[in-house]
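Here is a short briefing on the model below.

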Amino acid sequence: MIYGIQKTAFVDCPGIPSKGIPPSLCTVLFFGGCNLRCPYCHNKDIVLKNTEPFDVDEVFELLISRKHLIEWVCISGGEPTIYEDKLVDFVKSLKTMNFKIKLDTNGTNPSVVKNISEFVDYFAVDVKTINYKLCNSSDGFFKLMDTLWYLSRMDKPFLLRTTIYPPFVGEYFIRYVLDVLKNLNIKNIDWFFNAFDNKNVLEEKAKVYPSTTGEYIKNLLKDIEIPEDIHIHF
Ligand code: SF4
């Protein structure tokens with residue numbers, strides 16, 4: 001289940017400014033495998049499970065031994081929700097150890113998000129593209145909508161993340177997602193834009209696109225009116 005560990009990280013728990021959740025140090029656990037195949041994915045070895053998994057009991061021991069240093073655990077991947085009930089049990093166990101939990105998800109498994117939400121302190125949900133067929137899912141966007149609808153109705157803290165990969169993300173995509181957020185009545189939300197890095201990617205075809213920069217993102221946003229309660233970070 002767990003194919004990578006980063007013992008101490010800062011950027012992976014950035015907090016949610018609009019909800020008053022501050023950034024924090026965390027340990028990141030990378031769950032292997034994923035139901036999507038985003039060409040630009042930079043976690044190839046985790047997605048393809050190219051290494052041996054860690055023993056789960058040893059992971060618990062490691063976390064307990066560092067409890068005085070790290071309060072938060074970031075469950076990342078890959079896509080952790082593919083483990084369904086095993087993930088829910090794992091997160092429940094972490095909660096009994098009094099860890100705070102952030103879960104990274106591509107949002108295409110709404111039933112698992114629902115089952116686990118009471119044990120998660122906040123979610124980071126990816127919005128990848130409008131056309132999920134580009135990452136091997138016929139209905140990914142609709143499932144993502146279901147996840148966002150559920151989290152917002154439950155008033156569960158979550159942030160949005162998007163990698164600015166040019167074939168997936170342009171001005172039309174941003175306008176479209178803003179409309180969707182408006183239609184779902186999702187307000188006061190933080191949306192983090194991450195630059196695309198063309199070096200370490202899942203599929204060779206992603207390398208033909210130039211890496212994107214802060215300047216590129218600024219330029220992309222320049223003609224778009226961003227509502228006051230949508231907080232873009234990059
Ligand atoms: S970017 Fe995320 S959702 Fe896409 S293949 Fe990689 S781990 Fe899966």
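**Overall fold**

The chain has seven helices and eight strands; helices (H or I, at least four residues) and strands (E, at least two) are DSSP runs, numbered from the N terminus. Its radius of gyration is 17 Å, close to the 17 Å of the globule rule for 234 residues, so the chain is as compact as a globular protein of that length. That radius is taken over C-alpha atoms, and the rule is 2.2 Å times the number of residues to the power 0.38.

This is a predicted model: local features need pLDDT of at least 70, side-chain atom pairs count only at pLDDT 80 or more, and totals for chains, interfaces and linings use all residues. Residues are numbered from 1 along each chain as its sequence is written.

**Dimensions and packing**

- The C-alpha atoms fill a box of roughly 50 × 40 × 30 Å along the principal axes.
- Of the 234 residues, 37% are buried (20 or more other C-beta atoms within 10 Å of their own; exposed means 12 or fewer, partly exposed in between; C-beta atoms are placed from the backbone).

**Ligand site**

- Residues around the ligand include C34, C38, C41 and C135 (C-beta atom, placed from the backbone, within 6 Å of the molecule).
- R37, E79 and N106 are also among them.
- The shell has six nonpolar, four polar and two charged residues.

**Loop residue D155**

- D155 sits in the loop between α5 (140-153) and β6 (158-164).
- D155 is exposed, with 7 other C-beta atoms within 10 Å.
- D155 and H68 are 87 residues apart in sequence and 30 Å apart in space, C-alpha to C-alpha.

Terms used:
Nonpolar A, V, L, I, M, F, W, Y, C, P; charged D, E, K, R; others polar.
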